Amino acid sequence: MGMTLTEKIIARAAGLPSAQPGMIVAVRVDRLMINDMLAPAVFRKFESLGAEAVVHPEHILVCLDHKVPPDTTAGADVCRSIREFCRAHGMQGFLEIGRHGIGHQVMCEGFTRPGEIAVGTDSHAPTYGGLGALGFGINSSDAAVAMASGKIWVRVPESIRVTFTGSLSGAATAKDVSLYMQNLGTGDFFNYKDLEISGPGAHALSVSSRLTIANMAAEMDIKACLFEPDEIVADYMGDSFGCDLRADEDARYAAAFEIDLHGIEPLVACPHSNKNIRPVREVRGMPIQQVVLGSCTNGRLEDLQQAAQILKGRTVHPNVRLIVVPASQKILTEATAQGVMETILRAGAVVLPPSCAGCGAFGPGKLGAGERCVSTTTRNFRGRIGSIDSEVFLSSAYTAAASAVAGYVEDPGKYL
Amino acid sequence: MRNVIEAPIFAVGDEVSSLQIIPQARWQEERLGDWVFETLLPDAAGTAGFFRRLNRLILVAGENFGCGGKSNDFAVLALKDAGVELVIAESFNRIFYRLAIDLGLIVVTCPGISAFVQKEEVLRYACETNLITRASDGACIQAEPLSELALNILSEGGLLEYYKARKDVPESLFISK
């Protein structure tokens, strides 16, 4: 019987001839991302296992990304203990502040490869699926066992095939596609399933766009979201190893969807749910006070370039603060070299260190009571970015930039 | 892991998030169990031990219990610290489900459980039969069986305990639901 991409990757990583939904197997962990939120728990649990050494330390990235740089003495002490642990255990994948990024982003900057089992101690690990890796989130107990054994248990999920046709037009972006997808199913239809995305529309998307879609798919409660790898991924990685991975012709999928990218327009997720999706043109005009451009969803060079396209020669509205958080130092450096950051700064934006700031739960950039924000991040439940009396609209980089200039939720088509 | 758990339940509704189970502001507390449902139950706000004093070993929940995407241990540890041994839900958020198994909290999926129970009810869960019985009238509802993997991990008390005892990662090659 044929296998889906998910089943093939899991079978290979488990050393089995085949894998079917419902089986629970022990798989080799190819890449492991541990961030500052869970690192203390992971390392404490690892020590409690009495393991001799960390298995495959070269497969592990340790990323300070939630509180960067630390803003309390306690936070600084946590970072120090993380550094000490990594040094003591030969974990060279510790990324010091200044050479760092959001964990999910740096995993995709030449580390994770197509066809790998790539896990991270955070719910947005499905991002790695943009590169055709099986990326999913794990907890600190799993990460500790992975460090001690090189393996974790995983239940083989059902796969759902998604075919993209056509291409994005006008001001529509991958983020708008991902917002559209939030309502593909009702209830917990996607819970614990893998999306496998292919089709001519998918193969025409940049890696950055694929990472955005895989990232936002996490909000659908999927286990993972894989894009079929191809020459675009090979070009990005610098070699084609693993890029010919394909599902079998007779693979069995639990469901199939087709999305015509041409039909996608700029969308927003309105307060207070990622499923409250409306076209921007229907809700434009609501005054805002803050715009966040960044995060693992839309903090890449392509997103900054999109924002700069609209911000060039214009200024942020007097009532608005535009907070820009590039997803990694590499991105920030490249955007600076290209003049993109200058355009953003001259428009009147503030730039924060690459981190999860602005997305909500941690770091600066909070909203006060009665404030409204347009954000390129992933979650807009009540109180996510501060006051429970604040409102968050999730959007693309284009829509965020347009809104920052207008002073209200605005259709980017007005500026492009 | 006990084969039979019989106790009064506490019921919550659909879409109860990890942050409603334990708010972020309480993550550093000594007794996490003191603050379970602080933002969910009107009488719990600012009241240490409110839920724990109700002494319910069994929690019944609706759809997507433990949603919100938090990958840390706090919600599961808080429930355990509050004395909860078993959560029966219409469905679980997958991140929470994995946390629960790995940390030794028994999680049983039972579509229909929300309608099956009243607010204050004694239920009996039998692991071998997957039957949940109402003490008041003996009515039964069938829960989904725990996977062999879940049983193996829970019988050791959690993933770390399993690994320490067996020196390996568990797996179960049966095609379970």
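How many residues of chain B are in contact with residues of chain A? I started my notebook with that. I am working from a predicted model.

**Entry 1: the interface.** I looked up the contacts. I found 37 residues of chain B in contact with 42 residues of chain A. Next I wanted an area. The size of an interface is often given as the accessible area lost when the parts come together. For chain B and chain A I noted about 3100 Å² buried between them. Carbon and sulfur atoms account for 56% of that buried area.

**Entry 2: the build of chain A.** I looked up the secondary structure of chain A and found 15 helices and 18 strands. I then checked the radius of gyration of chain A, which is 21 Å. The globule rule gives 22 Å for 416 residues, so chain A is as compact as a globular protein of that length. Its C-alpha trace spans about 60 × 55 × 40 Å along the principal axes.

Entry 3: Buried residues make up 64% of the 416 in chain A. I also looked at contacts between residues at least 6 apart in sequence. Of these, 75% join residues at least 24 apart. Chain A exposes about 14300 Å², and I put down 50% of it to carbon and sulfur atoms.

**Entry 4: charges.** Chain A has 37 positive and 44 negative charges. I noted that their mean positions are 4 Å apart.

Definitions and conventions. Residues are numbered from 1 along each chain as its sequence is written. Chains are lettered from A and ligands numbered from 1 in the order in which they are written. This is a predicted model: local features need pLDDT of at least 70, side-chain atom pairs count only at pLDDT 80 or more; totals for chains, interfaces and linings use all residues. Side-chain values use heavy atoms; hydrogens and water are left out. Helices (H or I, at least four residues) and strands (E, at least two) are DSSP runs, numbered from the N terminus. The radius of gyration is taken over C-alpha atoms; the globule rule is 2.2 Å times the number of residues to the power 0.38. Buried means under 20% relative accessible area, exposed over 50%, partly exposed in between (1.4 Å probe, protein chains only). Contact means heavy atoms within 4.5 Å. Accessible areas come from the Shrake-Rupley method with a 1.4 Å probe; for residues, only the protein chains shown count as cover. Lys and Arg count as positive and Asp and Glu as negative; His and the chain ends are not counted. The place of a charge is taken as NZ of Lys, CZ of Arg, CG of Asp or CD of Glu. Buried area is the accessible area (1.4 Å probe) that two parts lose on being put together, summed over both.
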